[in-house]
Amino acid sequence: MLRIVLLLLVLIIAVLLVPRLLSRSATPAEGSGAPDFTLPSQEGTSVSLKDYRGKWVVLYFYPKDQTPGCSREAHNFQVDQPKYAERNAVVLGVSVDSVDSHKKFCAKEGLNFKLLADTDHKVTDAYGSLTNLGLVKFAARHTFLIDPSGRIAKAYTSVDPLKHSGEVLAELDVLQKAAKP
């Protein structure tokens with residue numbers, strides 16, 4: 001019995017720590033230029049970061065469409081869309097799932113903001129958000145708040161999907177207030 005408990009404990013630790021150990025790309029530093037990208041969205045259009053110059057961008061990476069934590073996080077961003085619009089901000093979600101998967105996720109969850117498909121993992125890796133478990137790769141739950149000039153104003157590498165949208169909105173308020181002359 002003790003062996004089973006120890007084995008389960010080791011397995012749980014491995015599941016929690018191995019993704020962090022195997023994900024080696026560094027996240028871009030706050031104040032640095034945000035890596036540019038162009039990715040397809042669930043709407044069938046290509047989206048580039050440079051398209052949003054002059055706006056605040058909430059670029060959030062998430063592991064998998066239609067999973068409980070990712071659904072809750074996306075739902076909260078959806079509910080808060082009017083608040084982001086008031087702050088001249090757009091929300092862009094990124095995962096390594098396909099465009100078709102994003103279409104189904106948006107239909108099921110009633111999402112109307114853009115989800116971007118990074119199926120070749122380049123953007124996720126550029127933002128230090130790629131978790132590599134050998135045969136399985138997925139995005140870590142990270143968020144980057146990008147200012148209107150294209151610089152990273154805030155990086156979140158530890159995210160609670162239940163309250164994250166509220167945290168981002170509060171940070172937007174602080175950053176926008178500090179930027180006013």
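The model is a predicted one.

Start with β4, which covers residues 89-95. Seven of its seven residues are buried, so the strand is largely enclosed by the rest of the structure. In a regular strand, side chains alternate between the two faces of the sheet. In β4, Ala 89, Val 91, Gly 93 and Ser 95 point one way, while Val 90, Leu 92 and Val 94 point the other way. Residues on both sides of the strand are buried.

As for the partners of β4, strand β3 (residues 56-61) pairs with β4 in the parallel sense, over six bridges. Within this pairing, Val 57 has Val 90 of β4 as its bridge partner. Strand β5 (residues 114-117) also runs parallel to β4, and four bridges join the two.

Now for the surface. Met 1, Leu 2, Val 5, Leu 6 and Leu 9 make a nonpolar patch there, with an area of about 560 Å². One of these residues, Leu 2, sits in helix α1, which spans residues 2-22. The relative accessible area of Leu 2 is 61%, so this residue counts as exposed, the cut-off for that being over 50%. Leu 92 of β4, by contrast, is buried, whereas Leu 2 is exposed.

Definitions and conventions:
Residues are numbered from 1 along each chain as its sequence is written. This is a predicted model: local features need pLDDT of at least 70, side-chain atom pairs count only at pLDDT 80 or more; totals for chains, interfaces and linings use all residues. Side-chain values use heavy atoms; hydrogens and water are left out. Buried means under 20% relative accessible area, exposed over 50%, partly exposed in between (1.4 Å probe, protein chains only). Two strands pair if DSSP finds at least two bridges between them. Patches are made of residues with over 30% relative accessible area and no salt bridge: like charges are joined within 9 Å, nonpolar side chains (Val, Leu, Ile, Met, Phe, Trp, Tyr) within 5 Å. Accessible areas come from the Shrake-Rupley method with a 1.4 Å probe; for residues, only the protein chains shown count as cover. A salt bridge is a side-chain nitrogen of Lys or Arg within 4 Å of a carboxyl oxygen of Asp or Glu.
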